[in-house]
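Please keep the sequence and the model to hand while reading.

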Amino acid sequence: MTPRTATLIGLTAILMWSLLAVLTVASGKVPAFQLAALTFAIGALVGFLTWIGRPGAAGALRQRPLAWIVGVGGLFGYHALYFLALRLAPPAEAGLLNYLWPLLIVLFSSLLPGERLLPHHIIGALLGLAGTVLLFAGNRSGGFAPGQVPGLIAAFVAAFVWATYSVMSRKLKGVPTDAVAGFCAATALLAALVHGLVEVTVWPDTPGQWLAIIALGVGPVGAAFYAWDIGMKRGDIRVLGAASYATPLLSTAFLILAGFAKPSVTIAIAAVLIAGGGLIAAKDMFRRRIQ
């Protein structure tokens, strides 16, 4: 596989993730951990199906504990928080807070050994912060309802969890993509356990909600992880990192088109600030090294 092909595969993950919010909202009132268990089970099945005809693929599950901690911790922690956020908070605002993760990846990466935090990193971070503050200060309803605040906090923390997972994954390049199926399966089991302990089971009411759950498992909570893994390990990381800043804009646009959010000047400005801040912070990714 050429780097160009791997990069194109990685870009499909960004498109699939931009549908995560709208499909989650469309899935109905299924509790967060139950939804995570269902979708990750489907996502694991997607990976296991690719093992057909490849007897040695199962060997990818033999990984050191650190790989499992990072893989399962990142997938489970992020999606449990994200699904919870979309259940408790307005989807557009929660989505934009969550999509601070591309900016955080840039900031966290700049603090790794051999990297430095430069002025454009700081400027990008301040713009992203301004967009986040605007979501609260510009809320036309006079403020968020008390019951929505935990969801907004969950979305904010989810961004940090995914950024940490992504940066840590850079140190685990030797872990094959087939191992992601195991991470998804373990995440599904863990989510099912937590669901049984803290939630009341609620099944989808309509065929449309079932289709949304299946679509989540096949795409944003399934194939997207495998595509991203291929792109990060074999493709152009600079291109993929820069392209990820389009995700909050696409996600918000899909929510508005589906009728789950209303267009507003506040949301538009916040989206531009968050995405623009990320692009400025990641300007190094646009520069190609001269060989």
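## Surface patch

Ile-122 is partly exposed, at a relative accessible area of 43%; buried means under 20%, exposed over 50% and partly exposed in between, with a 1.4 Å probe and protein chains only. The model is predicted: local features need pLDDT of at least 70, side-chain atom pairs count only at pLDDT 80 or more, and totals for chains, interfaces and linings use all residues. Residues are numbered from 1 along each chain as its sequence is written, and side-chain values use heavy atoms, with hydrogens and water left out.

Ile-122 lies in helix α7 (residues 119-137); helices are DSSP runs of H or I with at least four residues, numbered from the N terminus. Together with Leu-111, Leu-117, Leu-126, Leu-129 and Val-133, Ile-122 makes a nonpolar surface patch of about 580 Å². Patch residues have over 30% relative accessible area and no salt bridge, and nonpolar side chains are joined within 5 Å. A salt bridge is a side-chain nitrogen of Lys or Arg within 4 Å of a carboxyl oxygen of Asp or Glu.

## Helix packing

Helix α3 (residues 32-49) packs against helix α4 (residues 65-88) at an angle of about 130°, with axes 8 Å apart. The crossing of α3 and α4 is right-handed.

## Buried parts

In helix α5 (residues 91-98), 8 of the 8 residues are buried, so α5 is largely enclosed by the rest of the structure. Among them are Glu-93 and Asn-98.

Phe-225, in helix α10 (residues 207-234), is buried, with a relative accessible area of 4%. Between Phe-225 and Cys-184 the C-alpha to C-alpha distance is 9.2 Å, at a separation of 41 residues in sequence.

Definitions and conventions: Patches are made of residues with over 30% relative accessible area and no salt bridge: like charges are joined within 9 Å, nonpolar side chains (Val, Leu, Ile, Met, Phe, Trp, Tyr) within 5 Å. Accessible areas come from the Shrake-Rupley method with a 1.4 Å probe; for residues, only the protein chains shown count as cover. Helices (H or I, at least four residues) and strands (E, at least two) are DSSP runs, numbered from the N terminus. Axes are lines fitted to C-alpha atoms, for helices over the stretch in contact, and angles run from 0 to 180 degrees between N-to-C directions. A crossing is left-handed if the near helix is turned anticlockwise from the far one by less than a right angle, and right-handed if clockwise.
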